[in-house]
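Morning, everyone. Please have the sequence and the model up on your screens. I'll take the helix packing and the chain contact in turn.

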Amino acid sequence: MFDVIDVLASGLSAARTRVNVLAANIANAETTRTPEGGPYKRRDVVQVATSATSSFSSTLDKMSLYRPSIQAVIADQSEPRKLYQPGHPDADEDGFVAYPNINIVSTMTDLMSASRLYQANVTALESARRMEQEAIRISMRF
Amino acid sequence: MDNFVDRLLGKSVTGLTKVLDLQLKRHEAIVSNIANAETPQYRAVEVSFAGELERAYGKSSSPVKKTNPKHMDLAENDGSHLVPDLSGATRADGNNVDIDIQMAKLADTNVKYTIAANLIRRKMQSIRDALMQGI
């Protein structure tokens, strides 16, 4: 039962990281200048599943439990979007301004699915807690 | 210990205890699927139930036979094992968790666990009632 709560906590944390990264992408969709130079680069999360059990015997016993974790947040390396805006302070010599490669619509749908996933993890956590309470109530009456 | 519980409470409680164990295992698999619903390449799993309860009541033996005494005893285990859950379609990222199906399964496990726990409590209560009659 504690393993379950552990896995769900990792799920919540992964979903929250996802929401944070997507929110940063939306907020910076039009950012043309960053401290490291050039336009803002879209961030993507790399999420992996690792076994939540460590020792061999417990692995045999509970093979089902996989803990999600965010391995890295990587910056998009694709070419920036170029818009012709000659008067812009960040325009190059040809009058083009580099904008981050961010599609607001797809980022918004990703954000919605990430926040739904967070809710799903909360629901699962509540159900784990309810089951635990049911188990405790068995012994309380006798 | 099992034998003692059998004699004191009857076989129904032993069976219900197995139901609790199996539902808890199912719950673990479902939780793993929900937590990894967006993890690329993750494959959904579920607990196989075929014949589990018959085995719990001792009506049938484990399908795994030991051919060498040094083999690990799988019959000691309650016989539940993990199988791939093929209820959802595989998406472009290699993940095949269908979050709606998993949430429905979660609710189902929860209800069954609660029912079994309540039945055990009723049984305990009736034994207590019987014990208290003479007082």
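One definition before we begin. A helix axis here is a line fitted to C-alpha atoms over the stretch in contact, and angles run from 0 to 180 degrees between N-to-C directions. Keep in mind that this is a predicted model.

Now, the pair across the two chains. Helix 3 of chain A packs on helix 2 of chain B at an angle of about 160°. Their axes are 9 Å apart. Angles over 145 degrees count as roughly antiparallel. Helix 3 of chain A and helix 2 of chain B are therefore roughly antiparallel to each other. Their crossing is left-handed.

Which residues make that contact? From helix 3 of chain A, we have Ala120(A), Asn121(A), Ala124(A), Ala128(A) and Met131(A). From helix 2 of chain B, we have His27(B), Val31(B), Ile34(B) and Ala35(B). By class, seven are nonpolar, two are polar and none is charged.

Next, the chain contact as a whole. Chain A puts 29 residues in contact with 27 residues of chain B. Where on chain A do they come from? Helix 1 (2-27), strand 1 (43-51), strand 2 (66-75) and helix 3 (104-140) each supply at least two. Helix 3 of chain A gives the largest share, with 13 residues. The chain A side divides into 17 nonpolar, seven polar and five charged residues.

Back to helix 2 of chain B, residues 11-35. Inside its own chain, helix 2 packs with helix 4, residues 99-132. Again the angle is about 160°, and the axes are 9 Å apart. That makes helix 2 of chain B roughly antiparallel to helix 4 of chain B. This crossing, too, is left-handed.

Look at who meets whom. The helix 2 residues of chain B include Leu16(B), Leu20(B), Gln23(B), His27(B), Ile30(B) and Ile34(B). On helix 4 of chain B, they include Leu106(B), Tyr113(B), Ala116(B), Ala117(B) and Ile120(B). The contact residues divide into 13 nonpolar, six polar and four charged. His27(B) and Ile34(B) take part here, and they are also in the contact with helix 3 of chain A.

Last, chain A itself. Chain A has three helices and four strands. From the N terminus, the order is α-β-α-β-β-β-α. Of its 142 residues, 24% count as buried. Take the contacts in chain A between residues at least 6 apart in sequence: 65% join residues at least 24 apart.

Terms used
Residues numbered from 1 in each chain as written. Chains lettered and ligands numbered in written order. Predicted model: local features only at pLDDT ≥ 70, side-chain atom pairs only at ≥ 80, totals over all residues. Parallel < 35°, antiparallel > 145°, perpendicular 65-115°, else oblique. Left-handed = near helix turned anticlockwise from the far one by under 90°. Contact = placed C-beta atoms within 7 Å. Nonpolar A, V, L, I, M, F, W, Y, C, P; charged D, E, K, R; others polar. Buried ≥ 20, exposed ≤ 12 C-beta atoms within 10 Å, placed from the backbone.
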